[in-house]
Amino acid sequence: MCFSDPVSLLKYLELPLENFAEDIKARQLFPMRVPRPFAAKMKKGDPLDPLFMQVFTRREEFKLTPGFSTDPLQEQNNQQPGILHKYHNRLLLLVRGGCAVNCRYCFRRHFPYSENHLNKKQWQQALDYIAANPQLDEVIYSGGDPLMAKDDFLAWLTTQIEAIPHIKRLRIHTRLPVVIPSRITPELIAWFTQSRLKPVMVLHVNHANEIDNALAESMQKLKQAGVTLLNQAVLLKGINDTAEQQIALNEALFEIGVMPYYLHVLDKVQGAEHFDLADSKAIELMAELIKRQPGYLVPKLVREIGGQPGKTPLDLQLHP
């Protein structure tokens with residue numbers, strides 16, 4: 001079951017409806033989607049629960065903020081539907097437009113997914129594009145969330161990519177195992193790991209409370225099958241912007257076999273300004289993590305800038 005009506009989620013969490021009347025209206029800007037397994041991790045009666053705050057509609061989403069954009073990473077004019085060739089040796093395939101959960105800070109909340117839904121002929125054109133660009137050595141399944149697609153389609157697509165000699169790695173960017181851990185099925189593990197391509201999965205976990213036994217068990221299955229497991233988080237004001245919260249997240253990830261990879265400052269997407277944290281605060285936070293954690297548990301603090309060939313690190317030298 002998925003909560004798509006803000007009122008139903010508020011009732012489930014035993015939160016007073018009258019306190020959220022103006023917030024509910026933001027549903028018209030970006031649909032609300034919250035799978036029940038993710039809602040079950042939220043603390044009932046707590047309007048400041050860090051998982052609830054990531055996914056519930058907010059009145060602040062109506063605010064139009066200078067410097068924020070509906071296309072903050074300059075992705076919407078991609079020349080070939082379904083493909084984002086943003087980096088020299090890596091290419092993103094927009095496998096599915098939908099997500100199991102709609103995070104309110106999503107940088108693709110305004111993305112024209114309907115224009116990037118491919119038919120079989122267009123999928124062949126995408127494969128031909130990969131084959132014609134020998135500098136590519138990695139394909140990334142992205143979206144939306146690529147694991148919203150069925151396993152038989154993903155198995156077919158993986159087989160086609162495996163046949164392109166210069167591709168070495170297959171990476172999946174997904175939040176689905178976090179919000180619905182049962183998505184990690186034997187069928188998924190089979191098509192993902194039984195090819196010559198090195199399998200990498202990058203999760204999206206922002207807070208330690210998102211990690212439970214079900215997620216730990218699914219990650220153990222992937223790890224035993226040889227999948228490299230990484231995490232990229234987004235730094236969110238009021239949700240995970242303290243050293244204690246970040247340390248707890250990194251420790252919890254490591255316990256389930258997932259390495260912290262990136263900590264992104266917020267992509268400046270219109271409607272999400274209330275999640276934004278000043279760069280100086282982000283740098284101060286990262287300096288504290290470096291003091292208090294071993295290097296392998298400290299993610300890279302980065303910003304993604306549209307048109308740049310890779311992530312841009314935030315320079316800790318800016319911090320006095």
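Tutor: A charge sits over a ring if NZ of Lys or CZ of Arg is within 6 Å of the ring centre and within 35 degrees of the ring normal. The structure discussed here is a predicted model.

Student: Which residue lies over the face of Trp156, and at what distance from the ring centre?

Tutor: The distance has to be within 6 Å for a charge to count as over a ring. The residue over the face of Trp156 is Lys120, and its distance from the ring centre is 5.2 Å.

Student: Over which ring does the charged end of Lys44 sit?

Tutor: The charged end of Lys44 is 4.6 Å from the centre of the ring in question. That ring belongs to Tyr12.

Student: How many aromatic pairs does a search of the whole structure find, and what kind of pair do Phe3 and Tyr12 form?

Tutor: The search of the whole structure gives 11 aromatic pairs. In the pair of Phe3 and Tyr12, the distance is 5.1 Å centre to centre, with 40° between the planes. Planes under 30 degrees apart count as stacked and over 60 as edge-to-face, so the rest are tilted. The pair of Phe3 and Tyr12 is tilted.

Student: Is Phe3 buried or exposed?

Tutor: Buried means under 20% relative accessible area. Phe3 has a relative accessible area of 3%, so Phe3 is buried.

Student: Why is the pair of Trp191 and Phe192 called tilted?

Tutor: The ring centres of Trp191 and Phe192 are 5.7 Å apart. Trp191 is buried at a relative accessible area of 9%, and Phe192 is buried at 1%. The pair counts as tilted because the planes of the two rings are at 55°.

Student: Which residues do ring pairs link into a cluster?

Tutor: The cluster is held together by ring pairs. Its members are Phe20, Phe52 and Phe56.

Student: How do helix H10 and helix H11 pack?

Tutor: Helix H10 covers residues 243-255 and helix H11 covers residues 279-292; their axes are 10 Å apart, at an angle of about 55°. This angle makes H10 oblique to H11. Residues in the contact include Ile247 of H10 and Leu289 of H11. The crossing of H10 and H11 is right-handed.

Student: Where is Pro299 found, and how far is Pro299 from Gln246 in space?

Tutor: Pro299 is in the loop between H11 and strand S10, and is buried at a relative accessible area of 6%. Among the residues that Pro299 touches are Asn250 and Met286. Pro299 and Gln246 are 53 residues apart in sequence, but their C-alpha to C-alpha distance is 9.8 Å.

Note on methods:
Residues numbered from 1 in each chain as written. Predicted model: local features only at pLDDT ≥ 70, side-chain atom pairs only at ≥ 80, totals over all residues. Heavy atoms only, no water. Phe/Tyr/Trp six-rings, centres within 6.5 Å; stacked < 30°, edge-to-face > 60°. Buried < 20%, exposed > 50% of the residue type's maximum accessible area, 1.4 Å probe, protein only. Axes fitted to C-alpha atoms, helices over the stretch in contact; angles between N-to-C directions. Helix = DSSP H or I, 4+ residues; strand = E, 2+ residues; numbered from the N terminus. Parallel < 35°, antiparallel > 145°, perpendicular 65-115°, else oblique. Left-handed = near helix turned anticlockwise from the far one by under 90°. Contact = heavy atoms within 4.5 Å. Lists of a residue's contacts leave out its neighbours within four places in sequence.
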